[in-house]
There are 2 protein chains.
Amino acid sequence: MGFTFEIEAEAGAARAGRFMTPHGTIETPVFAPVGTQATVKAVLPRDLYEVGASLVLANTYHLHLRPGDTLVRDFGGLHSFMGWDGPMLTDSGGFQVFSLAQLRRITDDGVTFRSHIDGAILKFTPEYAMQIQHNLGADIIMAFDECAQPDDYDIAQAAMQRTHAWAQRCVDHHYQHGNPDRQALFGIVQGGIFQDLREQSAHFITSLDLPGYAVGGLAVGETKADMLATLSFTVPCLPPNRPRYLMGVGQAEDLVEAVSRGIDIFDCVLPTREARHGAALTRYGRLNMGNLRFASDSEPLEPDCTCYACQHFSRGYIRHLVKAKELISHQLLSIHNLAFLIRLMKEMRQAIIQGETAFAGFKSQFLADYRSMVK
Amino acid sequence: MGFTFEIEAEAGAARAGRFMTPHGTIETPVFAPVGTQATVKAVLPRDLYEVGASLVLANTYHLHLRPGDTLVRDFGGLHSFMGWDGPMLTDSGGFQVFSLAQLRRITDDGVTFRSHIDGAILKFTPEYAMQIQHNLGADIIMAFDECAQPDDYDIAQAAMQRTHAWAQRCVDHHYQHGNPDRQALFGIVQGGIFQDLREQSAHFITSLDLPGYAVGGLAVGETKADMLATLSFTVPCLPPNRPRYLMGVGQAEDLVEAVSRGIDIFDCVLPTREARHGAALTRYGRLNMGNLRFASDSEPLEPDCTCYACQHFSRGYIRHLVKAKELISHQLLSIHNLAFLIRLMKEMRQAIIQGETAFAGFKSQFLADYRSMVK
């Protein structure tokens, strides 16, 4: 197989690893910026390289609708279409079909929905989700799953069972019609917040012997305590020699907690969405840059940050940009917020390599700083 | 004086020069991107350096209202506030007061208006326009003038006379309270489209012996033929050893026509505004990038352009970004459009240095290409 995962160091459940892909090696733990429509909003590829991004996500649902996955294929795939030459990941479209589209009908065969763009009635099946992701050409592709309400047992169980059947069909289609040496199919474990369901799901999904596994169906409305508890009993059911991906999680404290429970890969729109809302993410919490208290502040967003925004601009200037609704506020805050999360991942990786005490110290210090929050 | 202007070469009325300022030398003819609110919309300072920008304009009216010129002064002036270390120019606020604000009253003393942001009633006088520009700290500052309807003789004459009185007051204030070694005050010639008024105005304004002169009151609704005719009889009234600035003009063909009539400096929001409307400027005309015909076009915006957008992205990708309303479409199109106009100025400069025949050939070839327009 064209994908290998090596663990360099462990600190408790946390791991520092390397995942080799056809577009380069991803050092884990890693945070992936989200480029929903084949662009990380307001951030150019050269800025992604500069902030140290090593994995970029794009959304299958959005790209299927616009510009169309066959068009992207004709441009040589996502990497060449969007000018990002590093590793990429596409989701399966499942989550968006359930959250964005106007849902029509779920059957064992697939999901029928209305496009949120033009109202067209469309249908995703596991096979079709594979075919679209083959056209898009990301290094990591995801099985089509049903993402359901996580805290109702019967609903979670039914969605899990469907997810298992769909995963098998994704595997069959991908290994028959895809190119597993160029695209690694990850399975997704479901089961809501219920330990027995998560164990059953991990047992089934890992039996498919895939190059990586995701914990799905979290960060969708359950409490933080439920999310962390679910990770605590789910991650140990995953094989240690495969990367583990927690989908859609991007709050700094959640990243730290999840890494300490053995998660390797994350993605989230949070840093770029917060940027567009005028917020800077820092070790001491979230700064609302529209606030008057920053008007004459000549400090950078974060004094120890090496990103372009922090090296060249003051909080006072960025506050002006936010108030004046200037486009470069989105660029500068997105660059900083991504740099912040990516640096956090690198710091955790370094601490894991230093050993269990170093990582535990890093974690408790970071969480104390982060929760102290500049008010 | 801290500003010197050298003419390197002439080709007919066209000139290639160098204007030395405290923040570096401006090679003319030059096109200045507009950074209205202390940012060129969607373009970071590093992108401005990369596309070869050497002079950036900011608007006195906007910055006085938000964030306030005294705040900018406290940050060390515009250069340090916005992270642009090259030469800068601020307008006088006059044009915006007449075009954007809700105008209240014009007297010989000044202009009373309502802020378009919060409705506050404010007053600009020539002295106050100088004081604000001293706080902003641009290398080139402009006299406060009255910009009036250009094709009504009586209105144009009255505005010209007021402009002269105000220019004298600007000079008095600047040389008494300002720092002429750090900030060059340019005078503005008015007089609408009338030759006798322009001659009178040039006579008076150049008698003030300033380091540069602008032709004001054009590109405000008169015909193109009137604009060019006005330049043809106004520019010869300006001293050859001072830079000549045509305010607010940025269409490629107008730049070529005006350079051939002896203009050295231009500014315009056009390239960045067109970018935000999804248009690419090219030697073969304006491309509406939302057009379906670009959907699967794998060529760059302009095949011979060396800008970041053209080096890394296809028309098909940029068309997708425009249709999907993605922010980086503004960034990429703004970078390209600025690169296009700045390259045009450099090409004209080179042709002027090569001599009259070369420049005439460049001009006629460019205008033929440009008017051929890809439909």
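Two residues are taken to be in contact if their C-beta atoms, placed from the backbone, lie within 7 Å.

Five bridges link β2(B), which spans residues 14–21, to β3(B) in the antiparallel sense. Within this part of the sheet, B:Thr21 has B:Gly24 of β3(B) as its bridge partner. In a regular strand, side chains alternate between the two faces of the sheet.

Confidence in the prediction is expressed by several scores. The model has an ipTM of 0.97 and a pTM of 0.98. For chain A, the average pLDDT is 96, and 99% of the residues score at least 70.

Chain A is divided into two domains, with domain 1 covering residues 4–268 and domain 2 covering residues 278–372. The centres of these domains of chain A, taken over C-alpha atoms, are separated by 27 Å. Contact between them involves 27 residues of domain 1 of chain A and 25 residues of domain 2 of chain A. On the domain 1 side, at least two residues each are supplied by β1 (4–11), β2 (14–21), β4 (30–33), α1 (45–51) and α10 (252–259) of chain A. The greatest contribution to that side comes from α10(A), with five residues. By class, the domain 1 side consists of 16 nonpolar, four polar and seven charged residues.

A strand pair is also found in chain A, where β15 (residues 279–282) and β16 (residues 285–288) run antiparallel and are joined by four bridges. The two strands, β15(A) and β16(A), form a hairpin with two residues between them. In this pair, A:Thr282 has A:Gly285 of β16(A) as its bridge partner.

The two chains meet through 32 residues of chain A and 32 residues of chain B. On the side of chain A that touches chain B, two or more residues each come from α3 (69–74), α4 (78–82), α13 (315–323) and α14 (327–354) of chain A. Of these elements, α13(A) gives the most, with five residues. The side of chain A that touches chain B has 16 nonpolar, 11 polar and five charged residues.

In chain B, helix α13 (residues 315–323) is mostly covered, and nine of its nine residues are buried. Among the buried residues of α13(B) are the charged-named positions B:Arg315, B:Arg319 and B:Lys323, together with B:Tyr317, B:Ile318, B:Leu321 and B:Val322. The buried residues of α13(B) pack against α4 of chain A and α14 of chain B. Following α13(B), B:Lys325 has a positive phi, near 55°.

Helix α6 (residues 126–136) of chain B is largely enclosed by the rest of the structure, because eight of its 11 residues are buried. The buried residues in α6(B) are B:Pro126, B:Ala129, B:Met130, B:Ile132, B:Gln133, B:His134, B:Asn135 and B:Leu136. Just after α6(B), B:Gly137 takes a positive phi of about 80°. An α-helix has 3.6 residues a turn, so residues three or four places apart point the same way.

B:Ala156 counts as buried because 23 other C-beta atoms lie within 10 Å, and the cut-off for a buried residue is 20 or more. Leaving aside residues up to four places away in sequence, B:Ala156 touches B:Ala148, B:Pro150, B:Gly191, B:Gly192, B:Phe194 and B:Leu197. The C-alpha atom of B:Ala156 is separated by 14 Å from that of B:Ala202, with the two residues 46 places apart along the chain.

Methods. Residues are numbered from 1 along each chain as its sequence is written. Chains are lettered from A and ligands numbered from 1 in the order in which they are written. Two strands pair if DSSP finds at least two bridges between them. A residue is buried if 20 or more other C-beta atoms lie within 10 Å of its own, exposed if 12 or fewer, and partly exposed in between; C-beta atoms are placed from the backbone. pLDDT is the predictor's confidence in each residue, from 0 to 100. Domain bounds come from an automatic or database domain assignment.
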